[in-house]
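Subject: Structure for you to look at

Hello,

Here is the structure you will be working from, with notes on what was found in it below.

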Amino acid sequence: MASGRPTFRVFPSDLKAKEIASARNACPVGASGALHRRRVPLVLLAGALVLGACTGLIDEGETSSRSPGVNTPNPNANVPPPVANEPESFNVERTSRVLLPFDVRLARLASVLGVDSDAAVLSSVRSFEADLGGHDFANGISPDLSWNASKMTLWVEVLQPVCASTEMRDQFPELTTATELAALMSSAYGREVATTEAEPLATDLASASYGIRCLTVLSSAEFVLR
Amino acid sequence: MRRASLLSALLGVLLVFGCEGEAMSPTPGVDNPDPGNPNPITDPGPGQDPVVGFRSLEDLTADQTRAYMNDIVRYITRRNLDAGELRRIDEEGGAAIRPIIEAWTAEPGFQTMAREFITRKLSTSGSRDGIDFDLPGNLAAVLAASARPWSEIVTAESCYDGSGGETDCDTGAPYSAGVLTTRAFMVGRNGRFNLNRANTILGVFVCREYPVEEALQPPLAQEMLIEMFRASSAADQTDERALNGFGNGFGCYTCHSQFSAHAQLFVKFDEAGRWIENATGIQDPDGELGRSTDGLMASHFIEENDAASERSWMFGQEVQNLSEAAQVLADSEVFLPCTSQNLIQYVFGLDPGRELPEDGVAATVAAFDGMAPSFAQIVTEVFSHPWVVYSVVQSTPEESL
């Protein structure tokens, strides 16, 4: 994997059709839902989106209208009004979500695994820095922080050895129960994820392998996007 | 009572936010309860500027604080909030912002932030043709790990390798000016008349575009310039090469009277970024307009001695070379506000071309009046400033992918 671009398969090798269906169901209505409605014929694209665009927003009920992958309260609530003579504010307009810088995503992976960013277990990820949005200005490669189908697919590919690693198993021996999934999500997202929040995901991925559970969390929007 | 932060432009006094509010009454900006007895702080009197006020960070909820800190932590120290920080935010709300950010600046990830910040501003990373394009980022990382002034980004006398080891900046010039005297900067900003290099200095470190206010950069006299740049209108133009209004039109002098001063500083740097002592700055008679010979660029100046010399002017001060010019830039009152604006744009992913409210940006670095703060001090001050925090917190969050 580290020596060249990975061979693209329709899905990671350990995915079975049933698991894929589970993963699809684990995603909320959103990017992947829209994709299904458009009936995009590319299975590859669909697979990437199913896994990669899974937003981390795992409850299709009450929370589906909230910002995907950001289960935080509305920060607009109860902000005191500006005081007199306060300079005009600026607005952080986020009309679309973009990838976190490559080194930040790499550092977040390293944190989940309890290793440094230059650890061997992450070599598959580092090898494709330029393809995953990194930069090499000297050679004409600018940062590309768009989250598109090819990046989603590649991200899932390079995460396979990460999810299959002993480092991952050392940190998270099992990802079967909601409590175990919540522990991974908390580590990945940098916030406390309650077991109740992880329960729907655990249910939907009941028949999925360890690998697909790992991939679902580490390719979710909350993990890779800002 | 709330904590409050006051920037006293009138009195020249900064009441640093974090001071206990009990000592500051009434809270700035709150209506004065006794209109017959004006508050000397908020009502300074006829002809005097009103004092700027800010909301208190203590009024932020834990949820708002967490959302804000979660947004910036990934950029400032390249990781997630840890359990201790989340607990502190739950307990202290907005009051936790400043101490937590201050602690981040001691982490290795903070050096990465500095590296990425300057790397992206200058578009320099990697290597090509034997040129180390990481030198600017390396210097930024070294400065971030030290208490040295951030202004050394353009004045440092040494450059650094990827391991942080001191090395010469690589242009071969007999002086240094931080990232400005790296081949990475020079090659990446190559161009006729050295306009691109001059533009970059102004855009990245001053946050200005030509023409800039004359109070900052007085125009050079028309007589100093080659004829085509003396024209202020089509009727003035006497150089046939410019009769059709090449470039941005006919008002050449408006911008080039300022461009000329800054571009001249690069007259001895060739297109490969090497310092060439015997550069003349004279237009190559057989070459493209704006190019001198041997990969060098032409000067704006008409006198041969002026054209060949690095002597020029930066913000109205005469300087002997790029190093002296960089020192003037670093000492100018526009350097720190520009750094603040760049940081805000970088961390919140704003369009680099977007200007932010000038008084707000100025307030974020007002505490450094007369100082040469480190990168850590600047980042702490900017991202714990109520103007920045509230601007972000009250921004409408994105609702859908």
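In which helix of chain B is the place of T380(B)? T380(B) sits in helix α13, residues 375–383 of chain B; helices here are DSSP runs of H or I with at least four residues, strands are runs of E with at least two, and both are numbered from the N terminus.

Some conventions before the rest. This is a predicted model, in which local features need pLDDT of at least 70 and side-chain atom pairs count only at pLDDT 80 or more, while totals for chains, interfaces and linings use all residues. Residues are numbered from 1 along each chain as its sequence is written, chains are lettered from A and ligands numbered from 1 in the order in which they are written, and side-chain values use heavy atoms, with hydrogens and water left out.

Back to T380(B). Its relative accessible area is 3%, so T380(B) is buried (buried is under 20% relative accessible area, exposed over 50%, partly exposed in between, with a 1.4 Å probe and protein chains only). Apart from neighbours within four places in sequence, T380(B) contacts R98(B), I101(B), E102(B) and T105(B), where contact means heavy atoms within 4.5 Å. T380(B) and I100(B) are 280 residues apart in sequence, yet their C-alpha atoms are 9.1 Å apart.

Chain B as a whole

Chain B has 14 helices and nine strands. Of its 401 residues, 55% count as buried. Among contacts in chain B with a separation of 6 or more, 64% are between residues 24 or more positions apart.

Helix α1 of chain B

The axes of α1(B) (residues 62–76) and α14(B) (residues 386–393) come within 10 Å and cross at roughly 100 degrees. Axes are lines fitted to C-alpha atoms, for helices over the stretch in contact, and angles run from 0 to 180 degrees between N-to-C directions. The two helices are therefore roughly perpendicular (65 to 115 degrees; under 35 is roughly parallel, over 145 roughly antiparallel, and the rest oblique). From α1(B), Q64(B), Y68(B) and D71(B) meet V388(B), V389(B), V392(B) and V393(B) of α14(B).

T65(B) is also in α1(B) and counts as buried, at 0% relative accessibility. A polar atom of its side chain lies 3.1 Å from the backbone nitrogen of G94(B). Beyond four places in sequence, T65(B) contacts L60(B), I89(B), G93(B), G94(B) and I97(B).

N70(B), in the helix α1 of chain B, is buried at 13% relative accessible area. Not counting residues up to four places away, N70(B) touches Y189(A) and G190(A) in chain A, and L81(B).

Another place where chain B meets chain A

S125(B) is in the loop between α4 (108–122) and β4 (127–128) of chain B and is buried, at 4% relative accessibility. Its side chain reaches the backbone nitrogen of F137(A) at 2.9 Å. Outside four places in sequence, S125(B) touches H135(A), D136(A), F137(A), A138(A), T119(B), F133(B) and D134(B).

Confidence in chain A

Chain A averages a pLDDT of 75, and 66% of the residues score at least 70; pLDDT is the predictor's confidence in each residue, from 0 to 100. Where pLDDT is low, the predicted coordinates should not be read in detail.

Regards

Note on methods. Polar contact = N/O pair within 3.5 Å; in protein donor to acceptor, adjacent residues only side chain to side chain.
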